[in-house]
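This report walks through selected contacts, a sheet, charged pairs and ring pairs. Please keep the sequence and the model in view while reading.

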Amino acid sequence: MQDSIKTIDTIVYAGKMKDRDALMESSSGGAFTALSDVFLDNGDGVACCTYNYASHVSEFVLATTKEERDTARGSKYMQSIPGDIYTKCAEWLKENPNKNLLFVGVGCQSEGFRKYAELMGIREQVYIVDLVCHGSPSPKIWREYAAELETANGGKMKYLTFRDKRKGWESPTAFCIVNGNEVLLNKYTHIFYNQCALRPSCHVCPFATTERKVDLTIGDFWHIEEKMPDFYDPDGISLFLIHTERGLELFNAIKKSLDYRRSNVKDCWQMNLEMPTPASPLRSVFWRDYKKKGVNYIMKKYGSVSLAARVRNKIMRIYGGGGIRTK
């Protein structure tokens, strides 16, 4: 079925929230918070991804309060599980015919929801946003590693972040809190960036482009210090790619909460807006090692990186995007 929303030539903005507290709680410039505030302030709904500390799964919820939404802030370096969120959104809109809904996911999830919304006749009630995505790593590996961290530290995980800004936006710290202690996640993030654990489909992703059919794309505005040095902020800048008239309407609604600048598709270039993340040449042996020797072995072998690999991973963070993100 043809999408009922009119597409436009992609419009690009750089932006950051004026609210410094919200900015510091976000992975980059606070795009997700700014966008979702518009809906929650109006009593509408927000379909987004949050972390379940009981199951160690990143899963979709339909948030109707800012407290629920706040649990979805921040990057999640693992595959998120849509579950039945599409049908929950449709049912909620049927029960609330005068409401609107914001859906935020990675490219494949948001495009799937776009097609579903069109099929179900709810496209006029939804605003669909996707994320610049590095790729989705195995959720099983993360679950097993999280369980090992809990066992090793004698308690349950209570907090998790992959992009704490204590060292700034471009040098994030990944850690969790278990039994009251801060536990660094360097080994896991190294595996994420070396591409060994990504799904095969991520290496042929059709959504690694600036041209998309959703309303809006958000991500990090990497290397903005080169293109707009006077607008650079060490605490983060978000990228906004507007694809439809509805996306432009949404961006106009959040302008009052942002400092923003107009840009273009050339100046916002990063690898995952042109091509998918390539597969690691070590992928096959990585999975063979994991199946034979388990998660602790691969964390030790592949989570400790050489200087050359650290440099390569830094390049991937800057030019390749760097995660499944909620800004």
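The side chain of Ser80 makes a polar contact of 2.9 Å with the side chain of Gln109, a polar contact being a pair of N or O atoms within 3.5 Å, where within protein one atom must be able to donate a hydrogen and the other to accept it, and where residues adjacent in sequence count only if both atoms are side-chain atoms. The model is a predicted one, in which local features need pLDDT of at least 70 and side-chain atom pairs count only at pLDDT 80 or more, whereas totals for chains, interfaces and linings use all residues. Residues are numbered from 1 along each chain as its sequence is written, and side-chain values use heavy atoms, with hydrogens and water left out.

**Two serines in strands**

Ser80 lies in strand E4 (residues 80-81); helices (H or I, at least four residues) and strands (E, at least two) are DSSP runs numbered from the N terminus. With a relative accessible area of 5%, Ser80 is buried, where buried means under 20% relative accessible area, exposed over 50% and partly exposed in between, with a 1.4 Å probe and protein chains only. Once its neighbours within four places in sequence are left aside, Ser80 is in contact (heavy atoms within 4.5 Å) with Cys49, Ser58, Phe60 and Gln109.

Ser263 is placed in strand E12 (residues 258-263), and at 11% relative accessibility Ser263 counts as buried. Not counting residues up to four places away in sequence, Ser263 touches Val12, Tyr13, Phe221 and Met228.

**The sheet E7-E8-E9**

An open sheet is formed by 3 strands in the order E7-E8-E9, with antiparallel pairing; two strands pair if DSSP finds at least two bridges between them. Strand E7 (157-164) and strand E9 (181-184) stand at the edges, each with a single partner strand, so one side of each has no neighbour in the sheet. From one strand to the next, the twist averages 25°, with axes taken as lines fitted to C-alpha atoms, for helices over the stretch in contact, and angles running from 0 to 180 degrees between N-to-C directions. E7 is joined by 5 bridges to strand E8 (residues 173-178), to which E7 runs antiparallel, and the bridge partner of Leu160 in E8 is Cys176. Helix H6 (residues 139-153) packs on the sheet and touches E7, E8 and E9, its direction making about 120° with that of E7.

**Charged pairs**

Side chains of opposite charge can pair when their charged atoms come close. A search of the whole structure finds 20 salt bridges, each a side-chain nitrogen of Lys or Arg within 4 Å of a carboxyl oxygen of Asp or Glu. The table gives some of them.

| Side chains | N to O distance |
|---|---|
| Lys6 and Glu245 | 3.8 Å |
| Asp130 and Arg212 | 3.0 Å |
| Glu182 and Arg166 | 2.9 Å |

How many residues apart are Lys6 and Glu245? They are 239 residues apart and link distant parts of the chain, Lys6 lying in the segment before strand E1 (7-17) and Glu245 in helix H9 (residues 245-254). Lys6 is exposed, with a relative accessible area of 53%, while Glu245 is partly exposed at 44%.

Asp130 lies in strand E6 (residues 126-131) and Arg212 in the loop between helix H7 (186-193) and strand E10 (216-220), so the pair ties together parts that are 82 residues apart in sequence. Asp130 and Arg212 are both buried.

Glu182 in strand E9 and Arg166 in the loop between E7 and E8 are 16 residues apart; Glu182 is partly exposed, with a relative accessible area of 42%, and Arg166 counts as partly exposed at 48%. Elsewhere, Asp37, Asp41, Lys66, Arg69, Asp70 and Arg73 are linked in a network of salt bridges.

**Ring pairs**

A search of the whole structure finds 28 aromatic pairs, meaning rings of Phe, Tyr and Trp (its six-membered ring) with centres within 6.5 Å, counted as stacked when the planes are under 30 degrees apart, as edge-to-face over 60 and otherwise as tilted. Trp142 and Phe162 form an edge-to-face pair, 5.6 Å centre to centre with 65° between the planes, and this pair links Trp142 in helix H6 to Phe162 in strand E7, 20 residues apart. Trp142 is buried at 0% relative accessibility, and Phe162 is buried at 3%.

The rings of Trp169 and Trp222 have their centres 5.1 Å apart and their planes at 5°, so the pair is stacked. Both of these residues, Trp169 and Trp222, are buried.
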